[in-house]
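Student: Could you walk me through this structure? I'd like to go slowly and ask things as they come up.

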Amino acid sequence: MLYREAGDFKTSYTDDGQTFPIKFDRIGYYVALIVAFAIVPFVINDYWVNAIFLPFLIYAIAAIGLNVLVGYCGQVSLGTGGFMAVGAYACYKFMTGIDIWIGGVQYALPPINIFFSVILAGFVTAIVGVLFGLPSLRIKGFYLAVATLAAQFFLVWLFNKWSWTYNYSASGQISAPERGMFGVPVTGPNTEAWATYLFCLVFVVVLALIARNLTRGSVGRKWMAIRDMDIAAEIIGVDPLKAKLSAFAVSSFYVGIAGALFFSVYLGAVEVGEAFGIQKSFLVLFMVIIGGLGSIFGSFAGAAFLVLLPVLLKNVLVSGLGWPTDLAAHLEFMIVGALIVTFLILEPHGLAQLWRVIKEKLRLWPFPH
Amino acid sequence: MSAAFLNTLEVMANGLMAGVLYALVALGFVLIYKASGIFNYAQGVMALFAAMTLVGAMEGRVPFSHLINAVFGTEVHHFGWHLPALLGIALTIAVMVFFAWVVQRVIFKHLVGQEPIILFMATIGLAYFMEGFGETMWGSDIKTLDVGLPQGGSFAIEDFTATWAAEGERYYGMYIDNLDMVATVVAILLVSALVLFSQYTKQGRAMRAVADDHQAALSVGINLNFIWVLVWSLAGFVALVAGIMWGSKSGVQFSLSLIALKALPVLMLGGFTSIPGAIVGGLIIGVGEKLFEFAIGPYVGGATENWFAYVLALIFLVFRPQGLFGEKIIERV
């Protein structure tokens, strides 16, 4: 009754090919957009933005990126943290103005607007991602997963040692100077909650739309063919080189943008080993798996789940029960671990599958037959 | 012999010893992967948990004392006894076997037939859980583990090798850790015992049969559940040995669980399914990373050990995708 696929007739190809062909989905999408753009910015404060909304939006981008690679193209990657670091450092270099030494003379580019810095950082990360994706043509499965760890460890090490990347600062950290759009600061210490939120939201909405349409189109179908069986895909005419490398490029582009936003808008100052360590790679992979492999909606659901859970646990255990923070931290690990395992046993296909089941039920509800 | 050559030799010797320890951790991975197709990321945390349990049992700590104190407002810490090392180890083995049974019963029994990536994620979840569980149970302070293994450098080797240097060169002998030598001997014994076990005992044969083909093994009457519990127990035992070695060396603390990350490139190099591969891979990685750090490290800022093993394994895999001794990958449509 509530969720109807039948009776929704289309009279043109444009109608049939739109991003959300089913009316119920489309209405849900518009409602979500209106709430996100027109209501949320007026009611949030600093705590909500920093504890929930910014991490959720940024991790959602990273999760969509990783989902393209793991969920759609079937190439397991554990290098997400390293690629996020590339995005963050590239963004830092662009927003402070890149300096190049040629023959002992320093040439400095002017600082680039933060919006374009973030996008350029995405492209730089895409190039690095393709480089580390090259072995995927030979290596498969778990061997590839472990091989991507090479990217993780090497990149983190590189940003620790190569002082050009952090502008020779004594602490080895990078910290975002104040930059803004249309005169409103979105990075640095004097930002307003709504400004940072909207800045990230624009990226999320645009990138999610692009990802959804990419995965529905011929590119996405090629990725899925490679995922399901790469030899068979090759026989029906999918070029594995192009399909795999394009998946790596698109995925790294998203992850790089997530890293750039994570550094510039959310944290403001970053130490590479701490912010982009291997834990980050696992966190994003968890989001993808809990949310659902091969689903854009799942990436959002997984990101929301894993961002909200620690906040909730912390509020209940520390503020509610008054337990010491270290004990609460240990219990948090236990609960997160147990939840993940439980989840995998009960619903290995993630929250997205749960949503699909609910839709099945809604189709018939309230009449069972 | 010149001092530079002897220095290189010393680096190589230390690399070999480190490699043996890597191989020890990698062995735990191979055992489980072969028998059940599960890539067990929790192996490192198992080593940490085993070492923590051993320390806790030997010092007579009260398990979950932090939690008990927080809930009931009491002040309990120690039972007030000290167990001898052997008794503590026996107790820890019992705990690890029980752990293996629980893991099989609660988690992997329900995940039979799932995709490898799901199984892998489940072990990461397990690793998170055990990390929290171990620290809730025994506290997160850095513990010293002393089961009576020798510490410090070996003077005998230092004095002996000092005579090797050419006349007139300033050379003071090689520094080789006593503990590393013990670890090497123990690792060799352990590997021989495992090989003998899997070749000559009934359970060992059943284990190999399961590794070869689950369904065929099931059809000749092998109890799969029992074999899986056995394999997880063995991996727990290997984890305990690795935990004792690393724990005596640098204390029992969180970073102990990161040795799993050191074992991964070893596995890639040696192949996930091969016990000799794990050992040879461990030695290659151990020597390779120490030599690279010694020869090239100073020019690029040092600390190359974090990534060198991975990059080496990556380059190697491009030429031989199934690892050194891995089973040949045959793909059919």
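Tutor: What follows is a short talk about a few parts of this structure. It is a predicted model, in which local features need pLDDT of at least 70, side-chain atom pairs count only at pLDDT 80 or more, and totals for chains, interfaces and linings use all residues. Residues are numbered from 1 along each chain as its sequence is written, while chains are lettered from A and ligands numbered from 1 in the order in which they are written.

Student: OK, how do strands S1 and S2 of chain A pair?

Tutor: Strand S1 (residues 99-102) and strand S2 (residues 105-108) of chain A run antiparallel to each other, with four bridges. Strands here are DSSP runs of E with at least two residues, helices are runs of H or I with at least four, and both are numbered from the N terminus; two strands pair if DSSP finds at least two bridges between them.

Student: And what sits between S1(A) and S2(A)?

Tutor: Two residues separate them in a hairpin, and Gly103(A) in the turn has a positive phi of about 55 degrees.

Student: Is Gln106(A) buried or exposed?

Tutor: Gln106(A), which belongs to strand S2 of chain A, is exposed, because it has 8 other C-beta atoms within 10 Å. A residue is exposed if that count is 12 or fewer, buried if it is 20 or more, and partly exposed in between, with C-beta atoms placed from the backbone.

Student: So which residue does Gln106(A) stand opposite?

Tutor: That is Trp101(A). Leaving aside neighbours within four places in sequence, Gln106(A) is in contact with Asp99(A) and Trp101(A), where contact requires C-beta atoms, placed from the backbone, to lie within 7 Å.

Student: New topic: where is the kink in H10(A)?

Tutor: It is centred on Leu261(A) and amounts to about 30 degrees, the bend being the angle between axes fitted to the seven residues ending at a residue and the seven starting there. Of the 28 residues of H10(A), 24 are buried, so this helix is largely enclosed by the rest of the structure. Just after H10(A), Gly268(A) takes a positive phi of about 85 degrees.

Student: Last one, how many residues of chain A are in contact with chain B?

Tutor: On chain A there are 37, and they are in contact with 41 residues of chain B. Helix H14(A) gives the most to this side of chain A, with 14 residues.

Key
Two residues are in contact if their C-beta atoms, placed from the backbone, lie within 7 Å.
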